[in-house]
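Me: I've got a model open and I'd like to go through its side chains with you. Can we take it one question at a time?

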Amino acid sequence: MRARRGTGLLLGAAAGVELLHLAPAAVRLPPVKRLLARRTAGHGTTLGHVALTFDDGPDPRGTPPILDALDALGLRATFFLLGAMLERSPDLGRELDARGHEVAVHGWHHRRQYCPAPARDLRELRRATEAVTDLTGAPPLWYRPPYGVLTAGQVLAAHRLGLRTVLWTAWGRDWEAGATGPSVLATARPRLTAGATLLLHDSDCTSTPDSWRATLAALPLLAAHCHTRGLTLGPLREHGVPDRGILRNGPGGRVARVGNAMTGFPEGS
């Protein structure tokens, strides 16, 4: 009986740890995004602005044509890069930065972190952050966890590294088999309103092969749709995402304040 009770306590403790680990993932749910976690969802305050974001690159196949299409449309965007992809294509990452796009962090590997491992989360996110910093000469501001699944370890790691977590409020499901330019627009259109953050992909490294072609085909359609409605597509740095005085590491490791207030709470809390 005593052994059974001990086993039950251990299982209960393990379940509690897992619940705490995955609790931040609730911000991915639409009602939570809309009502309780608007900063983390990416709701911006710049009048008429829609944040244009891409995940999973840089990819030698998908990123160059998407960069060319953005140039042709006169658009700039925020690219959430995977450290492992950047390690393979550093020149492409530098080109992306040189063309005026904003570089952000998507982690090192694209995988779900279902098991608690805070040390791993910090190690991998620091490695990706340092790779982006080395590339651009400045520390990145934004972080988006793979699949939009945010865990306690990632929240703490991002906060420690001075990263602001941003998900999205609209997507085109461009990663799916059978996606086309018109289908991406049709899926995204209902939520393409002022203050929205749009999720697209410039790589198929974790999705249907050649799915980036649907994204490429959708870009002029999305741009035209926004233009006719008086909306401006641009990077997160122009989106007016509210902050709570994010702490950034300054010279010599000193903590510097960014924003109007100093707070100990992670972004999106």
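Me: Let's start with Trp171. Is tryptophan 171 buried, exposed or partly exposed?
Reply: Keep in mind that this is a predicted model. Buried means under 20% relative accessible area and exposed means over 50%. Tryptophan 171 comes out at 24%, so the label is partly exposed.

Me: And tryptophan 175, what's its label?
Reply: Same cut-offs here: under 20% is buried, over 50% is exposed. Tryptophan 175 has a relative accessible area of 22%, so we call it partly exposed.

Me: How many aromatic pairs does the structure hold?
Reply: Rings count as a pair if their centres lie within 6.5 Å. Going by that, the number of aromatic pairs in the structure is three.

Me: Take phenylalanine 54 and phenylalanine 79: is that pair stacked or edge-to-face?
Reply: The two ring centres are 4.9 Å apart, with the planes at 15°. Planes under 30 degrees apart count as stacked. So the pair of phenylalanine 54 and phenylalanine 79 is stacked.

Me: How many residues apart in sequence are the parts that this phenylalanine pair ties together?
Reply: Phenylalanine 54 belongs to strand E1 (residues 49-55), while phenylalanine 79 belongs to strand E2 (residues 78-81). Phenylalanine 54 is buried at 0% relative accessibility, and phenylalanine 79 is buried at 0% too. The pair therefore ties together parts whose separation in sequence is 25 residues.

Me: Back to the tryptophans. What kind of pair do tryptophan 171 and tryptophan 175 form?
Reply: Their rings are 5.1 Å apart centre to centre, with 70° between the planes. Over 60 degrees counts as edge-to-face. So this aromatic pair is edge-to-face.

Me: Which residues do ring pairs link into a cluster?
Reply: Tryptophan 171 and tryptophan 175 are an aromatic pair. Ring pairs make a cluster of Trp168, Trp171 and Trp175.

Me: Which residue lies over the face of phenylalanine 80?
Reply: Here we want a charge sitting over a ring, with the Arg CZ or Lys NZ within 6 Å of the ring centre. The one over phenylalanine 80 is 4.2 Å from the ring centre, and it's arginine 144.

Me: Where does leucine 163 lie, and is it buried or exposed?
Reply: Leucine 163 is in the loop between helix H8 (152-160) and strand E5 (164-165). Not counting residues up to four places away in sequence, leucine 163 touches several residues, including Leu125, Pro140 and Trp142. At 3% relative accessibility, leucine 163 counts as buried.

Conventions. Residues numbered from 1 in each chain as written. Predicted model: local features only at pLDDT ≥ 70, side-chain atom pairs only at ≥ 80, totals over all residues. Heavy atoms only, no water. Phe/Tyr/Trp six-rings, centres within 6.5 Å; stacked < 30°, edge-to-face > 60°. Helix = DSSP H or I, 4+ residues; strand = E, 2+ residues; numbered from the N terminus. Buried < 20%, exposed > 50% of the residue type's maximum accessible area, 1.4 Å probe, protein only. Lys NZ or Arg CZ within 6 Å of the ring centre and 35° of its normal. Contact = heavy atoms within 4.5 Å.
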